[in-house]
Amino acid sequence: MKINKDLDKKISDFPGELSYIAKLLLQELEAGRKSNASIEEMIREEIRELVLEEEGK
Amino acid sequence: MKLIEISLNNFRQFYGKQKIEFAGGDENITIVFGENGKGKTGIFRALMFGLYGSTHIQQDNPKEKIHLVNFLAMDRNPNMPIDTTVKLVFEHKGRKYEINRLARGYKTGSEITEKIMDAELNITDEQGNYSAEPITDENEIKNILNGILDESIKDFFLFDAEKIETLAKTDAQVKAEVKNGIVKLLQIDKLEGAINLLKRLHSSEKRRITSSSHNLDLTRKQNDIDTLTEDIANIQEKMSLKEENKVSCALEIERIEAQLAENEDVKRIQEKLNAEKDKKNLHVRLAKDKKNEIKGELIANGPHLIMKDTYYSVKNYLDQILVDQKDLIPIEVIEKSLKDLVCACCGNDLHENKDHLNHIELLKNNFKRSELTPLITQITSSIHDYGLEEDEILSSIDSKLREFREIKDGIEEIEREIDRYSVDVQQKAQEQENLKNLEVTLNDKKAYLRELEVEVETLKIQMSEKEKSLDALEKEFTRLLRDNESLRIDSKILQYIETLKERFEAVFKEYSDEMRSKLTAETTEIFKTLIDRKDKDLVKRIDINEKYEIDIMGWDNINITQDISQGQRQVVALSFITSLAKVAAGGSEDINFPLFMDTPFGRISGNNRDHLIDNIPNLTSQWVLLLTDTELSRTEEMRFKSTGKLGKWYKLDQIEPGHSDIVEIQVNETMSTRG
């Protein structure tokens with residue numbers, strides 16, 4: 001199931017990479033295939049990469 | 001999602017192979033017409049079995065076994081396995097899905113054993129490439145199909161009459177269903193899930209950083225934070241318990257008040273009974289008075305009435321005596337005639353009629369007064385007077401007797417009412433005895449509820465103070481983290497998680513409010529389209545309130561949810577379902593799912609049916625209707641045909657018990673069996 005159009009638009013307004021991470025989080029929750037723990041780990045890794053990328057600039 | 005066809009083999013009433021092709025495109029209405037018991041709901045079951053492997057639908061008792069395999073096929077092949085298959089073909093976003101499900105049944109003696117067997121899903125992609133291998137893993141099939149139309153919200157698109165009946169009610173279960181439908185369809189539950197996940201991630205990340213930093217200040221702060229967080233969790237738990245108690249206490253109060261209201265009924269019946277008894281006493285007094293009046297009248301006039309015939313024969317006899325007597329002409333008349341010389345009887349001048357004069361003088365000479373004459377005159381005069389009054393007396397007695405009869409009839413009627421109320425009161429007398437106990441319990445419960453409210457408020461204040469302290473500690477922790485150069489990256493990660501959570505929280509509130517207001521606007525607009533013109537002004541708007549309950553507001557902004565008729569409520573339910581589907585589909589003009597309705601017109605009036613028939617085909621991409629003969633009279637049939645949207649038309653024919661056939665009818669033929 002796709003993210004609802006109105007909701008997608010609001011998430012798209014999140015600053016920078018946070019929008020991508022937020023959509024990823026919602027899609028994983030929507031798909032319901034992964035456990036919450038593995039989604040948490042995935043989000044943590046995404047944010048960590050984002051921070052390291054910023055630090056590297 | 002667009003339904004293409006469903007094929008059945010030995011499924012429920014449908015013996016052998018049967019098929020329905022669904023209408024789509026401009027002519028998007030498919031009607032399956034069948035009288036009760038011919039298998040309409042069997043078609044609905046086949047769809048549910050095909051899509052989700054469900055053996056039960058909403059109207060079934062989940063504990064009762066539902067057989068899918070055709071009984072006739074099993075009877076004709078005892079002790080042999082009989083397969084029932086459902087093949088459902090549909091399209092979704094350019095892909096074509098074909099799902100085959102199999103169930104197997106055996107009949108040995110009167111014992112039937114059934115087993116759900118394999119399922120197989122074939123997908124053809126947008127380019128027409130057929131999947132190399134069918135998908136047979138039940139979980140994978142379930143995931144794919146739930147991705148298209150989640151099973152938990154399917155009831156908003158594929159529903160039986162029961163669903164409309166349910167949604168049209170206003171009880172707690174319905175409110176929960178409506179809320180569940182909204183939060184799932186609009187993915188509000190996913191937002192909530194994201195917020196909770198980020199909260200957990202934030203706190204676990206903080207703990208990880210603290211333990212790996214070996215920084216005593218940070219560790220101390222984190223310990224303080226953990227202690228406070230635990231305190232808050234405990235307070236929250238207490239509050240939840242108190243809130244639960246509040247809810248159950250409020251429900252208990254509601255239940256007792258309802259019981260008391262019933263007892264109020266007893267009181268009201270008792271009052272009516274007493275009023276009827278008073279009325280009876282009054283009528284009895286009136287009857288007694290009337291009886292006395294009649295008695296007086298009969299005493300005064302009764303003898304005359306009884307003697308009436310005798311009177312008249314006596315009068316005739318006495319009249320004859322007077323004629324025969326010599327003193328027929330009184331002496332006074334004779335003397336006056338002689339004195340005036342004019343006959344007092346005929347007016348002749350006695351100067352000119354000497355014969356007359358001589359005759360009168362002879363009468364005077366021969367006159368002998370009879371002693372009886374005055375008496376006879378008096379008797380005949382009385383009888384004459386009575387004759388004049390007779391009709392009046394009879395009419396008076398007659399009308400009094402009628403009035404008496406009416407009063408007596410009234411008393412009988414009142415006695416019947418008294419009997420009826422007495423039975424009612426007796427039946428509820430036991431409850432009345434409990435009335436006092438109930439009132440005591442009610443007061444106790446109300447006091448307990450007030451107590452709970454005070455406790456909850458106290459806990460809220462405690463929690464608010466703890467949260468302020470926690471907030472200060474968190475800020476302190478963040479400052480320590482930021483000041484520690486070696487933890488800069490970890491600090492930024494934590495900051496991002498916090499920012500993401502705050503963003504989601506802001507969206508959650510904003511999006512929920514927007515969706516509710518969209519649903520309010522859509523439901524109201526669709527309701528105005530679907531409802532009969534005369535009822536249009538009844539409703540100003542249909543609100544979806546903060547608790548996701550449906551509130552129907554009248555023109556003066558008064559909540560009239562409880563005041564509208566069941567039929568009107570069903571149109572509200574249909575409007576809500578349709579608008580929810582539309583908003584969930586992203587507000588596109590067409591709903592991207594078929595609306596599949598089993599006997600939806602049950603309580604909806606003729607005019608409202610017309611409006612539904614005219615307008616639903618424009619709101620949805622496909623409308624599949626299973627209709628019974630009371631829902632498809634000639635009027636509805638003509639209406640369907642006049643829309644130009646009728647694409648497919650089927651009739652269910654019962655060949656023999658346990659054997660119905662699906663027969664396609666040309667859309668220009670007549671289907672309805674009733675006027």
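Two strands pair if DSSP finds at least two bridges between them. Strand E1 (residues 2–11) of chain B meets that mark with E2(B): the two are antiparallel over 6 bridges. Within this pairing, Glu5(B) has Glu21(B) of E2(B) as its bridge partner. The model is predicted.

**The antiparallel sheet of chain B**

E1 and E2 belong to an open sheet of 5 strands in chain B, ordered E2-E1-E4-E5-E6 with antiparallel pairing. Its edge strands are E2 (14–21) and E6 (111–124) of chain B, each pairing on one side only. Neighbouring strands of this sheet are turned by 10° against each other on average, direction ignored.

Is strand E11 (residues 623–627) of chain B mostly covered or mostly open? It is mostly covered, with 5 of its 5 residues buried. In a regular strand the side chains alternate between the two faces of the sheet. On one side of E11(B) lie Trp623(B), Leu625(B) and Leu627(B); on the other lie Val624(B) and Leu626(B); all are buried. E11(B) has parallel pairings with E3(B) and with E10(B).

| Strand paired with E11(B) | Residues | Sense | Bridges |
|---|---|---|---|
| E3(B) | 29–33 | parallel | 5 bridges |
| E10(B) | 595–598 | parallel | 4 bridges |

Ile31(B) has Leu625(B) as its bridge partner in E11(B). Leu595(B) stands opposite Trp623(B) of E11(B).

**Contact between chains A and B**

The contact takes 26 residues from chain A and 26 residues from chain B. On the chain A side, helices H1 (5–12), H2 (18–31) and H3 (36–56) each give two or more residues. H3(A) supplies the largest share, 10 residues. The chain A side divides into 16 nonpolar, 2 polar and 8 charged residues.

Conventions
Residues are numbered from 1 along each chain as its sequence is written. Chains are lettered from A and ligands numbered from 1 in the order in which they are written. This is a predicted model: local features need pLDDT of at least 70, side-chain atom pairs count only at pLDDT 80 or more; totals for chains, interfaces and linings use all residues. Two residues are in contact if their C-beta atoms, placed from the backbone, lie within 7 Å. Ala, Val, Leu, Ile, Met, Phe, Trp, Tyr, Cys and Pro count as nonpolar, Asp, Glu, Lys and Arg as charged, and the others, Gly among them, as polar. Axes are lines fitted to C-alpha atoms, for helices over the stretch in contact, and angles run from 0 to 180 degrees between N-to-C directions. A residue is buried if 20 or more other C-beta atoms lie within 10 Å of its own, exposed if 12 or fewer, and partly exposed in between; C-beta atoms are placed from the backbone.
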